[in-house]
Amino acid sequence: MEPLRADWEAVEASAIGLYMAGDQRGAREMVRDFHRDLCRIRVLDPACGTGNFLYVAMGMMKELEGEVLAVLAEMGEAQGTLALDGHTVSPEQFWGLEKNAYAAWIAEMVMWIGYLQWHFRVFGDAKPSEPILRNFEKIRQTDALLSWSREELVRDAVGRPVTRARPRPRQGRKDDDAPVLFDAAPDEREVVRLIDPRPTPWPDVHFIIGNPPFIGGKDLRRELGDGYVDALWQVRQGRFRSADLVTAWWDRAADILTAKGSSLRRFGFITTNSITQTFSRRELEHHLKGAPPMRLVFAIPDHPWIKGGDRAAVRIAMTVAERGEPDGQGRLLTVTAEDGLHSDAPDIVFSEARGAVSADLTVGVDVTEAVALKANALLCSPGVKLHGAGFIVAPDRAAALLSTSEPEAVSPIRAYRNGRDLADRPRGVNVIDLFGWEEGEARRRHPAIFQHVLETVKPERDRNNRASYRDNWWIFGEPRRELRPALEGLRRYIATVETAKHRWFRFLDADILPDNKLVVIASDDAAVLGVLSSRLHQQWFVANSARIGVYDDDAVYVKGACFDAFPFPDLSGRARAEIAILADEIDDLRAQVLGRHDFLTMTGLYNARARLAAGATLTEAERAVHEAGCVGLLDHLHQRLDAAVMTAYGWPADLSAQEAVVRLVALNRERAVEEARGEVRFLRPEFQTGRVKTSRRSIQIEATLDAAVSLPSLPEAPGPMASALLHALRQEGVPVGPRALAARFGGRRGRRMEDRIEQTLAVLAVAGSVQRTQDGWFTPRRV
């Protein structure tokens, strides 16, 4: 509604100016023209469900129409006949695409019921024009992304239909149940192939709104089936395969927005907040940094999904985009407090910032400009992904299985840790790691272990959609082939929990195999641990991380952005030694207190440290953690570490978080330039040299030049001209004269343009929309 409201503000002010100047006929005609255009506005929700978004949009446009008609009435024109004769905002302007036939039918009814409610509320018993209910066929039952001619069953070599397992959602889970997502026995479904897949045509509209379905990239095949996903990738030419499904709507709307001659003015979607994570964020980057240009004019990166008490804690993002280069006027709203989310009146408090909104939905420095550095290459990876719970065994079971193995055979039994083991107390489980073993050799040398995996893992793998998982069933689904060479020869390595309330790093012994929910840095260097454990890296992490909605703060450590692109300081000399000593002392202190007290956990220690930093009064239980965990000493060591790291960078210790990130992005750029010349500051040169490709030839780095900006033309028509000038004044934020305003527009400038601007501003001043001072014209910022 913001663009329509801005258009109306300019038209209303211009019309009032004409009216007060004696041109009543011209004023009424200007308002009538706006009303006529308003009744031609088309809105689309390409995932409309039962029509809620369209219903709200129609209500807001009807409200605006009421204001327009009221102004006409004040100008002496009886406007009731317009609406009664059909010249009015109606359901005919609101289009919807919906896959579910029942929901599409409901949406059609919802729009007409809403329209009739408005009519009788305004006109009382006066009947609307006949027929009262009309089928404009604006709500279409169709798949919004794909159309196809027919479906065919996929058959195997002997002609039997191919089937795939589809896990069933777990039913009846109680709060204290283990967090199992799916029942063990999945449904089997036949695999189909979609013939002649193509994008579903979307109606030509002025605005697109909606709340597309939330399906993560890794869940697409399970939820939609192989045939649909393969066809979608084909239609999208293989772009952004790992992104969440919702980005397919964003991608389609962005293509329409930037198409030549497009009628679309803006689009806005509610999505999951994972749109800021790496795979989905690339979709936004592709369009925001592409041509023709487009920009985000409004965003909320992390907002609670208003829900009932039995719903998951989903976090959403909201984005609105329009054509044009970033103008520094994008609005970014950040949730600062939230309460009563399970009630009918949730209380959500925002802070607002203005500027160019980046693809990661931030304002200020664009951390998405940072690139992965060769200095950090090959060192960071998630841990192994089992794809088979049978791989995990208790120590006594592991010993029994191993007792039948050949004595000289290398043991495949490893200690195993996942995120909860590190954040809470370790379970003490082992895992069967047969990576590197051929099936026959594993069967002969470890018969009991092989039989255990055969009986507990293979049945699950046989139902897996991925052929490599089925064929290599005795090996982890993701054994991390690239990580294993990096860990060889190390006595310890660094790990952090991918999703955690507090961001801390610690050493793990080399004989521990890390789970997929751990992010591993293949280094035994305490100086590297120290830099990662510093406040500076925490600030970089927060700027790059993505929230999943479980915790109160940013939670997900994204390897590519948080580690690969992070520019480490020059770790040499005294600074290196001090950082290493402090990091080892912190790691040792935590290990000691956790070893002495069973009730302590890493999460508990850092909860207590956060309470200490906040100056909160500790409860008796918190005081016990504080004392037993030596939290005061832990905090002291961290503060000394923070100071030592800032010294290593040569930066002031009191940098704000934003300034720190600005400097880190700039340093990333400097390092990238160095690496382009073949100068790479490897973190582990003894491992990375020879494995990471570097350039040894002279490379000229071109200076980044600002692209020439194409200025918009100043409209000729009075209404659009007034709207353009009001927008320009609000962007200036200070009083300016006609000449400065003329410089914001393309075309032929001169006295004539300045006179037209002056005359239009004078008309707007009569209506009170602008004011004049000795320094020029200005208008209050609209919120």
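Trainee: Helices (H or I, at least four residues) and strands (E, at least two) are DSSP runs, numbered from the N terminus. What follows H22?

Mentor: Cys 630 follows H22, and its phi is positive, near 50°. Please keep in mind that this is a predicted model, in which local features need pLDDT of at least 70 and side-chain atom pairs count only at pLDDT 80 or more, while totals for chains, interfaces and linings use all residues. Residues are numbered from 1 along each chain as its sequence is written, and side-chain values use heavy atoms, with hydrogens and water left out.

Trainee: Which residues of H22 are buried?

Mentor: In helix H22 (residues 620-628) they are Val 625, His 626 and Ala 628. Buried means under 20% relative accessible area, exposed over 50%, and partly exposed in between (1.4 Å probe, protein chains only).

Trainee: And what covers them?

Mentor: The cover includes H20, helix H21 (602-614) and helix H23 (631-649). Contact here means heavy atoms within 4.5 Å.

Trainee: What about the nonpolar cores; how many residues has the largest?

Mentor: The largest nonpolar core has 76 residues, and those with the most contacts inside it are Leu 532, Phe 563, Phe 568, Ile 579, Leu 605 and Tyr 649. H23 supplies the largest share of this core, 9 residues. Another core lies apart from it, with 40 residues, among them Ile 208, Leu 220, Trp 233 and Ile 275. By definition, a nonpolar core is a set of buried Ala, Val, Leu, Ile, Met, Phe, Trp, Tyr and Cys residues joined through side-chain atoms within 4.5 Å.

Trainee: Which residues does Leu 532 touch?

Mentor: Leaving out residues up to four places away in sequence, Leu 532 touches Ile 494, Phe 505, Ile 521, His 537, Tyr 557, Phe 563 and Phe 568.

Trainee: Changing topic: how many cavities does a search of the whole structure find?

Mentor: The search finds 2 cavities of 30 Å³ or more. On a 1 Å grid over the protein atoms alone, a cavity is a set of points where a 1.4 Å probe fits but cannot get out, and lining residues have an atom within 4 Å of a point. Grid points are joined across faces, edges and corners, and a volume is the space filled by probe spheres set on the points.

Trainee: What lines the largest cavity?

Mentor: The largest cavity, with a volume of about 40 Å³, is lined by 10 residues, of which Leu 220, Leu 232, Arg 236, Ala 243 and Leu 245 lie nearest its centre. Helix H7 (226-235) and helix H8 (246-257) are the elements that give two or more residues to this lining.

Trainee: And the second largest cavity; which residues line it?

Mentor: Its lining consists of Arg 535, Leu 536, Gln 539, Met 646, Ala 653, Leu 655 and Ala 660. The volume of the second largest cavity is about 30 Å³. Helix H18 (residues 535-544) gives the most to this lining, with 3 residues.

Trainee: Now the strands. Why is S12 largely enclosed by the rest of the structure?

Mentor: S12 (residues 294-304) is largely enclosed because 11 of its 11 residues are buried. 8 bridges join S12 to strand S13 (residues 315-323), and the two run antiparallel. Leu 296 has Ala 321 as its bridge partner in S13. Two strands pair if DSSP finds at least two bridges between them.

Trainee: Is Phe 267 buried or exposed?

Mentor: Phe 267 is buried, with a relative accessible area of 1%. Phe 267 belongs to strand S11 (residues 266-272), and its contacts beyond four places in sequence include Ile 208, Trp 250, Met 294 and Thr 319. The C-alpha atoms of Phe 267 and Thr 319 are separated by 8.3 Å.

Trainee: Lastly, in what order do the 4 strands of the open sheet stand?

Mentor: The order is S17-S19-S18-S22, with mixed pairing. Strand S17 (392-393) and strand S22 (512-514) are the edge strands, each pairing on one side only. S17 and strand S19 (residues 430-432) run antiparallel and are joined by 2 bridges; Val 393 stands opposite Asn 430 in S19.

Note on methods: 1 Å grid on protein atoms, 1.4 Å probe; cavity = no way out; pocket = protein on both sides within 12 Å on 5 of 7 lines; lining within 4 Å.
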